[in-house]
Amino acid sequence: MTPLGFTLAVLGISYLAGLLGSLVGVGGGIIVVPALTLLMGVSIQKAIAASIVSVIATSSGAAASYVSQRITNMRLGMVLEVATVIGAITGAYLAAWISGRGLFLIFAAVLGYTAWSMVRPKGKPREPEPDGLADRLRLHGSFFDRSLGQEVSYRVSKTRLGLAVSYVAGVSSGLLGIGGGVLKVPVMNLAMGIPIKACTATSNFMIGVTAAASAAVYLMRGEVLPFVAAPVAVGVLLGAKTGASLMGGMRNNSIRLVFVAVLAVSAIQMLLKGLR
Amino acid sequence: MTAPTGKRAATAEDAISAILRLGVSASLLLIGTGSVLSFTRRGGYGSGAAEVARLAGPGGSFPRTLSWLLGGLGHLDGQAVIVAGLLLLIATPVMRVAVSLVVFARERDRVYLAITATVLALLLLSFALGRAG
């Protein structure tokens, strides 16, 4: 394969990853890393480094529109970010100590979890419990829900649990080059009592900063190869933009199932790579 | 949120949104331009499978000193332009946090000023940590 062929192939793969990801509501990183390693033969460390940079691009793009629509709970984002950023630095550091096989195994587990989380029955948000920390930090919020045509206000509970989960999401982001939204959003929604739209918006808001922390570590370490990272960043962002513009009636079950199948196949392949 | 008193909160949100949008677009433009330069200019990417192995190989690491970057930008080296784009992309969320810091400082919100300053410090630390690691 020539350098041009490689670039075009990675651009195409990343575009599809960004497109599929935005249609089902996850970032592209979770598909880009398996695709780069399994299809293009890139080492997992270099694939993770390229992916984490693209995560900044997609999440910042999405965050910009959520923030201007006032759906993002910026206070909550700032508070949980402290935990995700510490986690991201931890993860980016751990990545240097874990072997390539170990990374394949951990990635396979997260892929499997993501696939499962997309097909499991949806839980019901709990009744909000009083949370002194959330009161003191004035985390409770409200936003205008366009589809309901009314202002939705909510109270935040279990802030400490949110911080703990945000740390774990940050570690997985720094370690695996993904956004980590798939870990945070269910907890923010079900345990902390935040409406799903505000969860998605706030999670996206945090992911840019989280990914920037780990990307800085990877970049300074010399792991971000311009030749690989450039087509990944451009492809994933363009794919996500296309996905967002198609969003209207496209969010249906068949796309979800295709996506789950892709995740499951990737999980098995990465598991095999790790065990070999 | 805390029923913001009209204008100031509105401008903060718009400023944050604008920074994110501009940062992403400008960095993508740099990354795209750098890629085109790498393919078209002498001294950029070579050809053949061996070159792919070199550029994307597991042993690959690229020069990451500031003088390499500035020198490369000086003579429009494609990879240096891509790296400038990558740096701008990483800096975009950092700038967003810096703007929030100013907003909380203006509102004299000490708790959030401290929280935001912590996040900013951690982000700056991550650059230093990567360098050391």
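**Figure 1. Packing of helices α3 and α4 in chain B of the predicted model.** Helix α3 (residues 66-74) of chain B packs against helix α4 (residues 78-106) of chain B at an angle of about 120°, and the two axes are 8 Å apart. This angle makes α3(B) oblique to α4(B), because angles over 145 degrees would be needed to count as roughly antiparallel. The crossing of α3(B) past α4(B) is left-handed. On the α3(B) side the residues in contact are B:Leu69, B:Gly72 and B:Leu73. They meet B:Gln79, B:Ala80, B:Val81, B:Val83 and B:Ala84 of α4(B). Sorted by class, this contact between α3(B) and α4(B) has six nonpolar and two polar residues, with no charged residues.

**Figure 2. Packing of helices α3 and α9 in chain A.** The axes of α3(A) and α9(A) cross at roughly 150° and come within 8 Å. The two helices, α3(A) and α9(A), are therefore roughly antiparallel to each other, as angles over 145 degrees count as such. Here α3(A) passes α9(A) in a left-handed crossing. From α3(A), the contact is made by A:Ala49, A:Ile52, A:Val53, A:Val55, A:Ile56, A:Ser59, A:Ser60, A:Ala62, A:Ala63, A:Tyr66 and A:Val67. From α9(A), the residues are A:Ala201, A:Asn204, A:Phe205, A:Ile207, A:Gly208, A:Ala211, A:Ala212, A:Ser214, A:Ala215 and A:Tyr218. The contact of α3(A) with α9(A) comprises 16 nonpolar and five polar residues and no charged ones.

**Figure 3. The contact between chain A and chain B.** Chain A gives 57 residues to the contact, and chain B gives 54 residues. On the side of chain A that touches chain B, the elements that give two or more residues are the helices α1 (3-24), α3 (44-68), α4 (74-97), α9 (196-220) and α10 (226-250), together with strand β1 (141-145). The residues on this side of chain A divide into 40 nonpolar, eleven polar and six charged.

Figure 4. A:Lys124 lies 23 residues from A:Ser147 along the chain, and the C-alpha atoms of the two residues are separated by 20 Å.

Note on methods
Residues numbered from 1 in each chain as written. Chains lettered and ligands numbered in written order. Predicted model: local features only at pLDDT ≥ 70, side-chain atom pairs only at ≥ 80, totals over all residues. Contact = placed C-beta atoms within 7 Å. Helix = DSSP H or I, 4+ residues; strand = E, 2+ residues; numbered from the N terminus. Nonpolar A, V, L, I, M, F, W, Y, C, P; charged D, E, K, R; others polar. Axes fitted to C-alpha atoms, helices over the stretch in contact; angles between N-to-C directions. Parallel < 35°, antiparallel > 145°, perpendicular 65-115°, else oblique. Left-handed = near helix turned anticlockwise from the far one by under 90°.
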